[in-house]
Amino acid sequence: IGGSLLSNVRANCLMLGGKWYFEVLVVQPGKTAFRVGIAAKNFHPRDKKGAGSYPSTWVFDAVRCEKMHDGRSKKYGRRVQAGDVIGVKVDMTRHTLRFYLNNED
């Protein structure tokens, strides 16, 4: 995934419980944003504001180096480069979410 414009991709996997982990390989980071995270099924990937701008979305923007949720952001991590791997660990029982960059928290 990569490019110069903000794009959203949604997997068809409903996380109702348990622990989940997935990774995204950065082929070419965007110039303005590169967001990876989770969203409730009511979030539409064609939304112009993007994931992280709504209460039902939680993301790591790997270009702006921010964690985002409900339109709020907090500085986090470092800028990604081609070849980096972003990991997302979700624990639905404990209601926790962690991001990893090349296996580092």
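Q: Why does Phe99 count as buried?
A: Phe99 has a relative accessibility of 4%. Buried means under 20% relative accessible area, exposed over 50%, and partly exposed in between (1.4 Å probe, protein chains only), so Phe99 counts as buried.

A word on the model: it is predicted, so local features need pLDDT of at least 70 and side-chain atom pairs count only at pLDDT 80 or more, while totals for chains, interfaces and linings use all residues. Residues are numbered from 1 along each chain as its sequence is written, and side-chain values use heavy atoms, leaving out hydrogens and water.

Q: What makes Tyr76 and Phe99 an edge-to-face pair?
A: Rings of Phe, Tyr and Trp (its six-membered ring) pair if their centres lie within 6.5 Å; planes under 30 degrees apart are stacked, over 60 edge-to-face, and the rest tilted. Here the centres are 6.4 Å apart and the planes at 65 degrees, so the pair is edge-to-face. A search of the whole structure finds four aromatic pairs, and ring pairs link Phe60, Tyr76 and Phe99 into a cluster.

Q: What makes Cys65 stand out in its backbone, and is it buried or exposed?
A: Cys65 has a positive phi of about 55 degrees, although it is not a glycine. Its relative accessibility is 16%, so Cys65 counts as buried.

Q: How do you know whether Asn103 is buried or exposed?
A: The relative accessible area of Asn103 is 65%, so this residue is exposed. Asn103 also has a positive phi, about 70 degrees, without being a glycine.
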